[in-house]
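User: Please examine the model shown below and answer some questions on its architecture.

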Amino acid sequence: MQYVGPRAADQTLASLIEYGQGPDEFYEKLFTSLEEGQGYQPQHPLLWLNLHGLANIDLLKVVGRRFGLHPLVLEDILNTEQRPKVEVFNGYVFICVRLVSVSDAGEISSEHVSIVLGKNYVLTFQEKPSGTFNQIREGLKSSQSQLRRFGSDYLVYTLLDKLVDRYFLVLEAISERSEDLDDAISSGPNPAQLQEIQALRRTMQYVKRGLWPLREVMNTLQRDEADFFRDETQLYLRDVYDHVVQMIESGEALRDLVNSLQDNYMSLQANRMNIEMRRLTVLTTIFMPLTLIAGIYGMNFEVMPELKWQWGYFMVLGGMAVIGLGLTLYFRAKRWF
Amino acid sequence: MQYVGPRAADQTLASLIEYGQGPDEFYEKLFTSLEEGQGYQPQHPLLWLNLHGLANIDLLKVVGRRFGLHPLVLEDILNTEQRPKVEVFNGYVFICVRLVSVSDAGEISSEHVSIVLGKNYVLTFQEKPSGTFNQIREGLKSSQSQLRRFGSDYLVYTLLDKLVDRYFLVLEAISERSEDLDDAISSGPNPAQLQEIQALRRTMQYVKRGLWPLREVMNTLQRDEADFFRDETQLYLRDVYDHVVQMIESGEALRDLVNSLQDNYMSLQANRMNIEMRRLTVLTTIFMPLTLIAGIYGMNFEVMPELKWQWGYFMVLGGMAVIGLGLTLYFRAKRWF
Amino acid sequence: MQYVGPRAADQTLASLIEYGQGPDEFYEKLFTSLEEGQGYQPQHPLLWLNLHGLANIDLLKVVGRRFGLHPLVLEDILNTEQRPKVEVFNGYVFICVRLVSVSDAGEISSEHVSIVLGKNYVLTFQEKPSGTFNQIREGLKSSQSQLRRFGSDYLVYTLLDKLVDRYFLVLEAISERSEDLDDAISSGPNPAQLQEIQALRRTMQYVKRGLWPLREVMNTLQRDEADFFRDETQLYLRDVYDHVVQMIESGEALRDLVNSLQDNYMSLQANRMNIEMRRLTVLTTIFMPLTLIAGIYGMNFEVMPELKWQWGYFMVLGGMAVIGLGLTLYFRAKRWF
Amino acid sequence: MQYVGPRAADQTLASLIEYGQGPDEFYEKLFTSLEEGQGYQPQHPLLWLNLHGLANIDLLKVVGRRFGLHPLVLEDILNTEQRPKVEVFNGYVFICVRLVSVSDAGEISSEHVSIVLGKNYVLTFQEKPSGTFNQIREGLKSSQSQLRRFGSDYLVYTLLDKLVDRYFLVLEAISERSEDLDDAISSGPNPAQLQEIQALRRTMQYVKRGLWPLREVMNTLQRDEADFFRDETQLYLRDVYDHVVQMIESGEALRDLVNSLQDNYMSLQANRMNIEMRRLTVLTTIFMPLTLIAGIYGMNFEVMPELKWQWGYFMVLGGMAVIGLGLTLYFRAKRWF
Amino acid sequence: MQYVGPRAADQTLASLIEYGQGPDEFYEKLFTSLEEGQGYQPQHPLLWLNLHGLANIDLLKVVGRRFGLHPLVLEDILNTEQRPKVEVFNGYVFICVRLVSVSDAGEISSEHVSIVLGKNYVLTFQEKPSGTFNQIREGLKSSQSQLRRFGSDYLVYTLLDKLVDRYFLVLEAISERSEDLDDAISSGPNPAQLQEIQALRRTMQYVKRGLWPLREVMNTLQRDEADFFRDETQLYLRDVYDHVVQMIESGEALRDLVNSLQDNYMSLQANRMNIEMRRLTVLTTIFMPLTLIAGIYGMNFEVMPELKWQWGYFMVLGGMAVIGLGLTLYFRAKRWF
C-alpha cells in the first residue's frame with residue numbers, strides 16, 4: 001500500500017467538525033500531529049473529518065483503524081488516479097470522485113477526492129487544501145441551516161453537489177476555447193491549430209474520465225440499497241443525478257464540436273489550396289501569351305514585314321498591354337483572384 | 001435558489017382557469033399582483049394556473065407553498081436550462097419540457113416550460129407569454145369540448161401534444177435549410193457554406209437536446225406508476241410517444257443529411273481543384289511548344305536556311321497557328337476544358 | 001381529425017368479402033356510396049373490408065363507429081406519414097405498415113397501409129388501389145385454400161407477408177443502382193455522381209424508415225400478449241419476422257456499400273489529380289531544357305564560336321530532338337504518362 | 001414453396017446411416033430414387049439422413065411428411081439465402097447455418113446447410129455434396145468412437161463444430177489477402193487496389209452474414225429450453241459458442257484492418273502528390289533563372305558591354321552551369337528529390 | 001486434442017507447492033518427469049501446482065485425470081490462442097487469461113495462462129517460465145503472509161491481480177510510443193510513419209483482445225454463483241474488476257489518440273502541399289515578368305527607341321532588379337515563404 005501521486009504537500013492536516021441539531025452543538029478543531037488525536041472523544045452526535053494531503057500514511061492508517069475502513073479503501077484513497085466509483089461496505093459507503101478546476105489561464109486540472117459516509121460520520125480525503133468546501137463549513141456553523149438540521153447523508157449530498165457543479169465551469173471553459181479556435185481556423189488555418197485541436201481532444205477525454213462515471217456513481221447512490229440516505233435526501237441526489245446527465249449531454253455535444261474543428265481545418269486548407277492554384281493558373285494565362293508574342297518578334301527571319309513598320313514596336317507593346325489588361329479584368333470580373 | 005435566465009420580462013402574470021363538467025362551471029381570472037391572490041378560494045372542481053415570466057420569485061414561492069411543491073421543483077422551474085424530465089412526487093407529478101419555435105426568418109429558439117399535475121389541478125410555468133396555449137384556453141370555454149368532459153390529466157396531455165407538435169415545424173425548417181444549402185454547395189462550394197453547415201449542426205444539437213429526452217419523458221408518463229393518468233388518457237399519451245419517436249427518427253435522418261453536406265463540400269472542392277489543374281496543364285501544353293519554336297528561330301546561328309526563305313516567317317506563324325489550334329480542338333474534343 | 005396526404009383520389013371504395021370454411025361460404029361486394037352500406041348485415045362467419053382512398057372521412061367515421069375503433073386509430077389511418085407500429089386495443093389490434101413499390105424506371109415510392117384485426121373481421125385501409133392484395137382475394141375464392149380453412153389471423157399474416165416481400169424487390173433495385181454507380185465511378189468520377197450518391201442515401205433512409213420499425217412490429221405481434229393469433233399462425237409470424245431481420249441486415253450492408261461509394265469517388269479523384277500533376281511535370285521537364293538551349297543560342301555575344309559553325313544549327317536542332325525524344329522515351333518507360 | 005437457388009445439381013441423393021451403441025449397430029445406405037425408400041424401416045436406435053442437392057422437391061416433401069416437418073421448415077430448407085437461425089418445433093429443433101469454403105485461388109463461397117434434430121434422428125440438407133462430413137461418417141463406423149457412444153445431440157454438435165471451424169480458414173484467407181494488399185499499397189498505390197479493397201469489404205460482409213448470427217444460434221442451442229441436448233453435450237456447445245465469439249472478434253479486427261487500407265491508400269497518394277509537386281517546384285526553380293539570364297543577353301540594346309567581352313559567352317555559360325549545379329546540389333542535400 | 005502454438009520449450013516442468021496456515025505447513029517440490037509424480041500424496045491442506053511449457057501432453061493428461069478436468073478444459077489449456085474466459089465446472093472453476101509483457105525494446109507480446117481453482121487446490125498452466133509468479137511464491141513461504149492465512153481463492157485473486165497489473169505497463173508503453181509518433185509527425189510527416197501508425201493500431205487490437213474480455217471474466221468471478229470465493233475475497237475481486245474497467249477506459253482513450261494520428265498526418269501533409277504550391281506560385285510570379293521584359297527587348301523591331309539609349313540596358317537591368325526584389329520583399333512581408 002503506497003501513495004500514488006506527487007509528494008508536493010508532505011504535511012497532512014486533519015480538520016474535524018462535530019455538530020448536532022442543537023444551537024450550541026458545533027465544535028471545530030484542526031489536528032496537525034498524530035499525538036493530538038490520541039484519546040480524543042467526540043461530544044456531538046455527528047462528525048465530519050476532512051484530511052488535506054495524502055502523504056502521511058501513518059495518519060491515514062490510524063483514521064482507517066478508528067473508523068474500521070477496509071485496507072482496499074485506504075488503497076483507493078491513496079491512489080490519486082482512481083476512477084470515480086461507489087462501493088458499499090458493511091457499515092459505511094465509500095465514494096471516489098474527481099474535483100476539477102480551471103485556472104485563470106484556462107488550464108484544467110483535477111484532484112482525487114474520497115468520501116466515506118457512515119451512520120453518524122463523514123470522512124473526506126483531498127490531495128491538497130482547495131477551499132472548495134469552505135462554504136459548506138460556514139453553512140454548518142449556522143444552527144438554522146438545513147445542513148445542521150439534516151443528517152450526515154445531507155452533508156454528503158452537499159459535498160457532491162459542490163463537486164459536480166465544478167464541471168459546469170470546466171465545460172464552459174472548454175466550450176469557449178473551442179469556439180475561439182473555430183474562429184481562428186475560419187480566419188486562416190495554420191498547423192499550430194492542429195496542436196490545439198489535439199490538446200482540446202485530450203482535455204475532453206480527461207474531463208470525460210472524471211464526469212462519465214459520475215452517472216453510475218449517482219445512480220448507485222440513488223438506488224441506495226443499503227439505506228444510507230433518507231428518503232428526503234434521495235430527492236436531492238436525484239437532482240444531482242440530473243445535473244450529471246445534463247453535463248454528459250453537453251460534453252457529448254462539445255466532443256462533436258471539437259471533432260468538427262479538424263474537418264473544418266481540412267476544408268479550409270483545401271479551399272486555400274484551390275485559391276493558390278487558381279492564382280497560378282491566372283498568372284500563367286496572362287504571361288504565357290505575352291511571352292510568346294515577344295518570342296515571335298524576336299525571331300530572326302529576314303522577311304518579317306511588321307519589324308520594319310514605323311509603329312510596329314509600339315503597336316505590339318500596346319497589343320500586349322491590351323491582352324494583359326483584358327485578361328486581368330476578365331479574371332477579376334469572374335472574381336478569380 | 002435563483003432564476004437562471006434573462007430577466008427581460010420583469011413582470012410575472014398568473015392566469016387562472018377553474019372548470020368542471022357542468023355547462024356553467026368555467027371561471028377565468030388574471031392575477032397581476034400577489035395581493036389579489038390572497039385568500040382566494042377556487043369554486044369549481046378543476047383548476048389550471050398558468051404563470052408567464054419567472055422573474056417574480058416571491059410569487060413562485062407563494063404558489064409553491066400553496067400547492068406543496070418541493071424546493072427542488074421550484075429550483076427546476078427557475079432553471080431555464082433544465083433538461084426535459086419527469087419526476088413523481090408525493091401527490092403530484094412534475095414535467096419539464098422545452099417549447100421550440102421558428103421565427104419568420106427561420107431562427108430556431110426554445111423556451112423552458114414546466115408542468116405540475118396534481119389530483120385536481122394543473123400548474124404551468126413559462127418564461128414568457130407565447131400564445132401557444134390560447135387555443136386550449138378557448139377549447140376549455142366550450143362546455144361540449146373533450147377538455148371539459150375529461151379531467152386534468154387530459155389537459156396535461158393536450159398541453160404536451162401542442163408542445164411536441166411544435167417540433168414538426170422546427171424539423172421541417174431545418175430540413176429546408178439543409179436542402180437549400182445542399183443545392184448551393186452543388187452549384188459552387190465556398191467557405192461561407194462551411195460556417196452554415198457548422199451552424200446547422202449546432203441547431204440540430206440544440207433541437208436534439210430538447211427532443212431526445214422527450215422519449216423518456218413520454219415513456220415514464222405512459223408507464224405512470226403513480227396513477228396520475230386515467231386509462232383513457234393513457235392511449236392519448238401513447239400517441240404523443242409515437243409522435244416523439246417518429247420525430248427522433250426524422251431528426252437522425254436529418255443529422256445524417258447535415259453530416260453528408262461537409263463530405264459533399266469536400267468532394268466538390270476536390271473536383272474544382274482537378275478542373276483548375278487540368279486547365280493549367282492544357283495551357284502549358286499549348287503554349288510551351290509555341291514558345292520553343294519562337295525561341296529556336298530567335299537563335300543567332302549564321303547558317304539557318306529557313307530564316308532566308310521568302311515565306312519562312314509566315315510558314316512558322318502558320319505552323320504555330322496550326323499547332324495551337326490543333327491542340328485546342330483536341331482538348332476541347334476530349335472535353336478537358 | 002383530418003386526412004394528411006395528397007387528395008388525388010377523391011373517391012373512397014369499400015370492397016367487402018365475407019367468407020367461412022364451407023364451400024359456399026364466400027360473398028364479395030363493392031360499396032361505392034355510404035347509402036349502400038346502411039343496414040347491411042354480414043351472412044358468413046368471417047369478414048374482410050378493404051378501403052381504397054382515404055379522402056372520404058365520413059365513410060371512415062361510419063366504419064369506425066360500426067367496428068368500435070378509437071378516434072386515435074382513425075387519426076392514424078388518415079395520417080399517411082405514420083410510422084409503422086402495432087397497438088393493441090380492447091377487442092382488436094391495430095397495425096400500421098408502409099407498402100413499398102418500385103416503378104419500371106426504378107423510382108421507389110411507398111404508401112401507408114393500416115390493418116385492423118378483430119376476433120372475426122379484418123379491416124384494411126390503403127391510400128390508393130394498388131392491386132397488391134388481388135392474389136389474396138383470388139386465394140379466398142377457392143374453398144380448398146389455407147386462407148379459407150384458417151381464421152382471420154391467418155389472413156392478416158398473408159397480408160403482412162405480401163407487404164414484407166415487397167421490400168426484397170426494393171432492396172434489390174437499390175443494390176443494382178449502387179452497383180451501376182460504383183462501376184460508373186470507377187470508370188471516371190464526375191460531380192453528377194455525387195448527386196446520385198446523395199439520392200441513394202436518401203432512398204436508403206426512406207426505405208429504412210419503413211423497414212426498421214417492422215422488426216418491432218413483427219416482434220410485438222409474435223409475442224401477442226392479447227391472443228389474437230392462434231399458435232399455428234404464430235409460426236408463420238415468426239417466419240415473417242425472420243424475413244424482416246434478414247432484410248434489415250441486407251439493408252445495413254447496402255448502407256455500408258453506399259457510404260463507401262463516396263470514399264471511392266474521393267480516392268479516384270485524388271488519383272486523377274496525381275495523373276494530371278505528373279503530366280504537367282513531364283511536360284515541363286521536357287520543354288524547359290529545350291527552351292533554355294534556344295535561349296542560350298539567342299544571346300547576342302560577339303564571340304559565340306558555335307554560331308559560326310557550318311552545321312551548328314542542325315547540331316543544336318538534333319541535340320534538342322535527342323533530349324526531347326530521350327526524356328519522352330524515359331518517362332514512357334517509367335509509365336509516367 | 002419452391003427451391004430458391006441455382007439448379008446445377010438436378011439430382012438429390014439421400015445417404016442414410018443407422019447406428020447404435022452396440023459394436024454391430026451400424027448400417028449405411030444410399031438412396032437414389034424415391035421408390036427405394038418406400039416401406040423402408042430402420043433397424044437401429046439412431047438415424048442420420050443426409051440429403052445432397054435440393055432440386056428434388058418431391059423427395060423433400062416425402063422426407064418432411066415422414067418426420068413430421070412443418071411446411072415452413074421445408075420452405076427454409078429450400079431457401080438457400082436463408083439467414084442462420086434456430087427454431088424449436090414440437091418434437092424437433094431446426095437449425096440453419098452457412099457452410100463456407102475457400103477455393104485454392106482464395107475465392108470464398110458459402111452454401112446453405114439445414115440440420116433437423118429429433119429425439120432419435122438427425123436430418124441434414126446440403127446444396128451439393130461437399131465431403132465436409134465424410135470424416136464424421138468414418139468416425140461413426142468405429143464402435144469405440146464418442147459419436148457412437150453418445151446420442152444424436154452429440155452428432156449435431158460434431159456437425160456444428162465442423163461447420164464453425166471452417167470459418168477459421170476463411171478468416172485466415174481474408175487476413176492474408178488484406179495483408180498482401182497492405183504491402184502492395186505501401187509499395188505504390190494504384191486504382192486497381194481500390195477495387196480490391198472494395199472486394200475485400202464485400203467478402204467481409206458476406207462472411208459476416210454467415211458468422212454473426214451463429215452467436216445467437218449457439219446461444220439459443222446452449223440455453224436449450226426444450227431439452228434436446230444432454231448436460232454433457234451442453235459443455236461442448238459452450239465450446240463451439242466460444243469459438244464463434246472468438247471468430248467474431250477476429251472478424252471485427254479484420255474489418256478495422258480493411259477499413260484502414262483505404263485510409264492508407266489516400267495518405268500514400270497524398271504523399272506521392274507532394275513528391276510530384278516538389279519535383280515540379282525544383283525543376284522550375286532551377287530552369288527559370290537560367291532562362292532569364294539567356295533572355296537578358298538576348299536583348300538587343302546597342303550598349304551592352306558584356307556582349308563585347310572576349311570571354312563573355314563562356315563566363316555566362318559557366319555562370320549558368322554554376323547556378324544550375326549549385327541549386328541541384330542544394331536540393332539534393334535537402335533531400336528534396 | 002493437440003497443442004496449438006510454437007514448440008520452443010519441449011520440456012514441461014511442474015512446480016508443486018503445498019501449504020497451510022500453520023508455521024511449518026509449507027513444502028515445495030519440482031517435478032521434471034512423469035515418474036516422480038506417481039503415487040505422490042500431498043501432506044498439507046492446500047496445494048498449488050504450476051506447469052511451465054505445454055508440449056508434454058501426456059503429463060497434462062495425467063494432471064487432468066488426477067484433478068478430474070473435462071477434456072474440453074485440457075483442449076483450452078493447450079490452445080494458446082484461446083480468448084480469456086471463465087467457465088464453471090462441477091467442483092472447479094476454469095479461468096483463461098493472457099499475460100502481456102513489454103520487452104526492453106518496447107515490443108509487446110502475450111502468453112496464454114490457464115488457472116483452475118478447486119476447493120483446496122490451484123492449478124496454473126503457462127506457455128513458458130516467465131518468473132511472473134516468483135514474488136507470490138516468496139510470499140507463500142512466509143507464514144505471516146495473508147496468502148498463507150487465506151485460502152486458495154485468495155491465491156487466485158493474487159495471481160489475477162499480478163496478471164492484470166501487467167496491462168498498466170503495456171498501455172503505458174503504447175501511450176509513450178504514440179506520443180513520440182505524434183511529435184515526429186508534427187515535426188515532419190513521412191510515409192514510414194504511416195506504417196508505424198498501422199503497427200500501433202494492430203498492437204492496440206492485440207492488447208484489446210486480451211484486456212476487453214477480462215471485464216466479463218472478472219464480472220463472472222465476482223458474481224461467483226458457484227461460491228468458489230469467500231466474501232472477504234470478493235471485495236478483492238471487485239478491486240481487480242475496477243482496475244480492468246479503468247484500463248479499458250484508458251485503452252479506449254488511447255485508441256482515439258492513435259486514430260487521430262492519421263488525421264494529423266493527413267492535415268500536416270495537406271499543409272506542406274499548400275506551402276509547396278505557394279512557393280511555386282511565388283517563384284512564377286517573380287520570374288515571369290522579368291522573362292517577359294527580357295523577351296520584349298529581344299524583339300527585332302527596327303524602331304525600338306530604348307535600344308539606342310546609352311543607359312537603356314542598365315536601366316532595364318535596374319528595373320528588373322527593382323521588380324524582382326520588390327516582389328520578393330512583398331511576399332516575405334506577407335510571410336508567404
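Predicted model: local features only at pLDDT ≥ 70, side-chain atom pairs only at ≥ 80, totals over all residues.

Analyst: Residues are numbered from 1 along each chain as its sequence is written, and chains are lettered from A and ligands numbered from 1 in the order in which they are written.

User: What pLDDT does chain A average?

Analyst: The pLDDT is the predictor's confidence in each residue, from 0 to 100. In chain A, 97% of the residues score at least 70. The model as a whole has ipTM 0.79 and pTM 0.83. The average pLDDT of chain A is 87.

User: What is the radius of gyration of chain A?

Analyst: The C-alpha atoms of chain A fill a box of roughly 120 × 40 × 30 Å along the principal axes. A compact globule of 337 residues would be near 20 Å (by the rule of 2.2 Å times the number of residues to the power 0.38, with the radius taken over C-alpha atoms). For chain A the radius of gyration is 35 Å.

User: How many Å separate the centres of domain 1 and domain 2 of chain A?

Analyst: The domain assignment, which is automatic or from a database, gives domain 1 as 13-267 and domain 2 as 273-333 of chain A. Taken over C-alpha atoms, the separation of their centres is 74 Å.

User: Which helix of chain A gives the most to the side that touches chain E?

Analyst: Counting residues as in contact if their C-beta atoms, placed from the backbone, lie within 7 Å, 37 residues of chain A contact 37 residues of chain E. Helices here are DSSP runs (H or I, at least four residues), numbered from the N terminus; α7 (191-223), α8 (231-296), α9 (305-308) and α10 (312-333) of chain A each supply at least two residues of that side. With 18 residues, the one that gives the most is α8(A).

How values were computed: Contact = placed C-beta atoms within 7 Å.
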